[in-house]
Amino acid sequence: MINTDVVIVGAGPCGLFQVFELGLLGLKAEVIDSIPRPGGQCAELYPDKPIYDIPSIPVCTGEELTNNLLKQIEPFHCGMHLDEEVTTVRREDEETFYIETSAGKKFTAKAVVIAGGVGSFQPRPLRVPDAELFEGKTLHYRVEDARLFHGQKILILGGGDSALDWVLELVGKARHVTLVHRREEYRAAPASVARMQSLVAAGTMDVLEHGKVIAISGADGRMESVRVQIRDAETVEVPVDHALAFFGLSPKLGPIADWGLDINRKTINVDTERFETSVPGIYAVGDINFYSGKKKLILCGFHEAALAAFAIKQRLEPDKKVHVQYTTTSPIMHQRLGVPD
Ligand SMILES: Cc1cc2nc3c(=O)[nH]c(=O)nc-3n(C[C@H](O)[C@H](O)[C@H](O)COP(=O)(O)OP(=O)(O)OC[C@H]3O[C@@H](n4cnc5c(N)ncnc54)[C@H](O)[C@@H]3O)c2cc1C
């Protein structure tokens with residue numbers, strides 16, 4: 001059990017900046033995200049694209065913004081729990097919330113901030129009859145231990161970086177690798193595509209372009225072969241031990257919908273003074289919240305995180321007045337930031 005001041009659901013830009021604002025006020029946070037890296041949409045959907053509307057940063061990519069936020073929160077040593085979805089948020093008593101993740105990790109916190117963006121990113125599934133019977137056994141949407149695939153007949157589905165990276169990683173280690181992609185243009189890095197094409201030309205692996213898996217054969221979760229349809233016409237039967245599907249991630253509100261909050265069409269209603277939800281002690285910042293005039297912009301989420309932090313501090317210390325202090329001049333903030341006076 002991890003006991004902390006605040007649990008933050010979501011490590012997107014607003015969740016990360018929430019750590020900073022809480023840290024300035026002396027509050028400790030643990031951040032949890034269902035995807036394996038921090039940065040939310042910036043890292044997952046547009047790491048290389050330039051952002052032009054972060055105050056005082058004329059231009060930075062989604063990845064640079066994430067890296068800068070991670071640097072900025074370093075002094076606060078927050079716990080970062082990635083690749084685990086928050087499944088449960090429940091009030092234990094007047095002062096404590098109980099939080100649990102898909103990995104079975106348990107937390108108690110005095111407040112919760114939901115910075116869940118457009119929801120937790122889930123892998124897009126392979127839509128083939130009975131695919132779920134193979135899922136987690138021989139059909140995989142993420143790689144937990146690549147050694148499982150060594151010496152095996154591997155089918156990789158997709159045309160993005162994840163698919164091509166795993167093709168290049170497994171050729172030579174797997175018994176055989178076949179890549180199936182529904183187009184002939186790839187979203188993956190051109191260098192990876194060129195390398196894959198040279199492996200195909202050398203006869204080291206196979207690729208089926210304009211291909212779509214239409215059936216899986218096997219029993220008891222063990223895959224034997226898949227049927228691939230090419231250009232909506234001929235079909236090919238490919239012998240397969242394991243299939244790895246990388247069709248990208250799509251956001252789903254997921255378990256947040258079950259936490260008893262006032263939900264408004266996949267967003268959470270909050271007030272604009274504290275950014276508190278309908279459950280006292282649970283706050284929501286960034287793309288996930290809704291209030292009159294809401295704009296889904298990073299800089300709006302940063303403002304919301306600042307006000308939520310003040311509200312949480314006030315909730316945890318109701319008898320004290322929470323003063324605004326400047327990072328430029330406040331000795332206590334310098335101490336928290338590790339700035340030598
Ligand atoms: C292509 C594109 C370009 C954009 N360009 C700009 C721009 O130029 N300027 C701008 O201001 N905005 C831009 N945006 C919007 C901006 O990215 C979002 O406003 C911002 O990412 C919202 O941040 P967030 O932290 O609220 O949520 P997100 O970035 O969505 O992060 C939320 C995180 O919460 C996690 N999560 C959700 N539910 C759970 C759960 N139950 N358990 C664990 N984790 C969970 C998700 O996995 C996700 O990582 C752009 C968006 C896109 C798609």
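Q: Which helices each supply at least two residues to the lining of the largest pocket?
A: Those are α2 (40-44), α3 (62-73) and α4 (161-170). Helices here are DSSP runs of H or I with at least four residues, strands are runs of E with at least two, and both are numbered from the N terminus.

Q: Before I go on, what sort of model is this?
A: It's a predicted model, where local features need pLDDT of at least 70, side-chain atom pairs count only at pLDDT 80 or more, and totals for chains, interfaces and linings use all residues. Residues are numbered from 1 along each chain as its sequence is written, and side-chain values use heavy atoms, with hydrogens and water left out.

Q: OK, back to the pocket. What's its volume?
A: The largest pocket has a volume of about 1100 Å³. Its lining has 33 residues, and the closest to the centre are R37, E44, D161, S162 and L249.

Q: And what counts as a pocket?
A: On a 1 Å grid over the protein atoms alone, it's an open set of points where a 1.4 Å probe fits, with protein on both sides within 12 Å along at least five of seven lines; lining residues have an atom within 4 Å of a point. The volume is the space filled by probe spheres set on the points, which are joined across faces, edges and corners.

Q: Now the whole chain: how many helices and strands?
A: The protein chain has seven helices and 22 strands. Its C-alpha trace spans about 70 × 40 × 35 Å along the principal axes.

Q: How much of the chain is buried?
A: Of its 341 residues, 49% count as buried. Buried means under 20% relative accessible area, exposed means over 50%, and partly exposed is in between (1.4 Å probe, protein chains only).

Q: What about contacts across the sequence?
A: Among contacts between residues at least 6 apart in sequence, 58% join residues at least 24 apart. A contact means heavy atoms within 4.5 Å.

Q: Let's pick a residue. Where does A163 sit, and is it buried or exposed?
A: A163 is found in helix α4, and it's buried, with a relative accessible area of 0%. Beyond its neighbours within four places in sequence, A163 is in contact with I156, L157, G158, L179 and F246.

Q: How far is A163 from K110?
A: They're 53 residues apart in sequence and 41 Å apart in space, C-alpha to C-alpha.

Q: And where is T101?
A: T101 is in strand β7 (residues 96-101). Why does T101 count as buried? Because its relative accessible area is 3%. Leaving aside neighbours within four places in sequence, T101 is in contact with I32, E84, E85, V86, T87 and F107.

Q: What about V324, buried or exposed?
A: V324 is exposed, with a relative accessible area of 63%. It's in the loop between α6 (298-316) and α7 (331-337). V324 and L25 are 299 residues apart in sequence, yet 9.5 Å apart in space, C-alpha to C-alpha.

Q: Switching to backbone angles, what's the phi of D130?
A: D130 has a positive phi of about 65 degrees although it is not a glycine. D130 lies in the loop between β9 (120-123) and β10 (139-140), and it's partly exposed at 44% relative accessible area.

Q: And what's the phi of R265?
A: Phi of R265 is near 45 degrees, a positive value in a residue other than glycine. R265 lies in the loop between β19 (263-264) and β20 (267-269), and it's exposed, with a relative accessible area of 79%.
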